[in-house]
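User: I'd like to talk through a few local features of this protein. Can you take my questions one by one?

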Amino acid sequence: MKITVLGSTGSIGASTLDVVRQQAGRFQIHALVAGRNLDVLSSQILEFHPEVVVVADETSLTALALRLKELTIPRRVWPQLAAGAEARVAAATASEVGFVMSAIVGVAGLEATYAAIRGKKRVGLANKEVLVASGRLVMQAVREAGAELIPVDSEHNGAHQCFRAGARHEVTRLLLTASGGPFRETPREALNHPTWKMGRRITIDSATLMNKGFEVIEACWLFDLPPSQVDVVVHPQSSIHAMVEYNDGSVIAQISATDMRMPIQYALTYPERQRAPVARLDWTQPRAWNFSAPDMDKFRLLKLAYEAQELGGSATCTLNAADEVAVEAFLEGRIPFPAIATTVEETLQRQPVSEPETIQEVIAVDLASRRVARQIVAEARWAARAGKL
């Protein structure tokens, strides 16, 4: 099977390529789609020999061509090089591609992922923003095209496995686990996640539980559930990724080591199961698993996520855009940690809710919401300098 990896230089992209490496001969890389990390991308080109490589922009494209020349790779074996949104879509929809890994962080991956779904590809979804920003349109495309959308996030992948235990009408609720997300005062503290090694934004979102709020929204769309049937439980050990409760009282849990290669391989080989290159749990060792309810007052962003999904329309798109702006401002030291939630809440209050009918309209809402969020951040900084905060 030929594969396109959207976001090949990120952590999910790298793990996907490791699964391909472990499954030598079964999968072939058609396209690597990356941003500006040309060092990692160059090494991936040398190892996996993709037919197509796409980067963020023309500047990166020129730099990549120079890099390949420096590596003395004969031009006759160069991949086809391209840049920009149209090239991402082309890489995701190529007729020879059977699987697309959607792992570009943010709405930058939305168009290509949506196009892949409409092109009837199997898509491994590791990009939360695709469903958070445009769940209705994306799931409508899945149904109309008959495409396969297999979640790769550990919680949703675990839920996907648990749902195989019974009929959908027998499900009473889905439980997603969270490591706990303690508040941190500085970016350095907040980026020190105890269990997972993730990108900077996702790590901060885990500290605020915004990441879990996005997962609630994503689960509602993936599994056709109302927010009232999706619960979050704090589970610091991060061993149980998801649980599904059935109407007879049975609870099916998915348990595995904290290694993203397992859900990635599951998405690639579904409905088969193959031996994965991940550690096995040692059941002979004593262990304790703890569970508790999240404090919705303390973790305001989780509460806002539930409210945005209930509200519907473009509210969740605005939620995501505002959070990305606020997290960036925190990481750059422009706002304190608690102001992340304040920025998101005020953006939701100021940005009107609409019902986008196209992906382009979703992107327009995203851009408008970011402008509002940036204005709120600027107002907060002015107030702080003026001694009003």
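User: Which elements do the buried residues of α4 pack against?

Analyst: A quick note first: this is a predicted model, where local features need pLDDT of at least 70, side-chain atom pairs count only at pLDDT 80 or more, and totals for chains, interfaces and linings use all residues. Residues are numbered from 1 along each chain as its sequence is written, and side-chain values use heavy atoms, with hydrogens and water left out. Helices (H or I, at least four residues) and strands (E, at least two) are DSSP runs, numbered from the N terminus. Counting contact as heavy atoms within 4.5 Å, the buried residues of α4 pack against β1 (2-6), β2 (28-33), β3 (52-55), β4 (80-83), β5 (97-102) and α5 (110-118).

User: Which residues of α4 are buried, and within what arc do they fall?

Analyst: Buried means under 20% relative accessible area, exposed over 50%, and partly exposed in between (1.4 Å probe, protein chains only). In α4 (residues 85-93), that picks out Ala-87, Arg-88, Ala-91 and Ala-92. Going by the directions from the helix axis to the C-beta atoms, these buried residues line one face of the helix, because they fall within an arc of 135°.

User: Is Leu-209 buried or exposed?

Analyst: Leu-209 sits in the loop between α9 (200-208) and α10 (210-222). Its phi is positive, about 70°, although it is not a glycine. At 3% relative accessibility, Leu-209 counts as buried.
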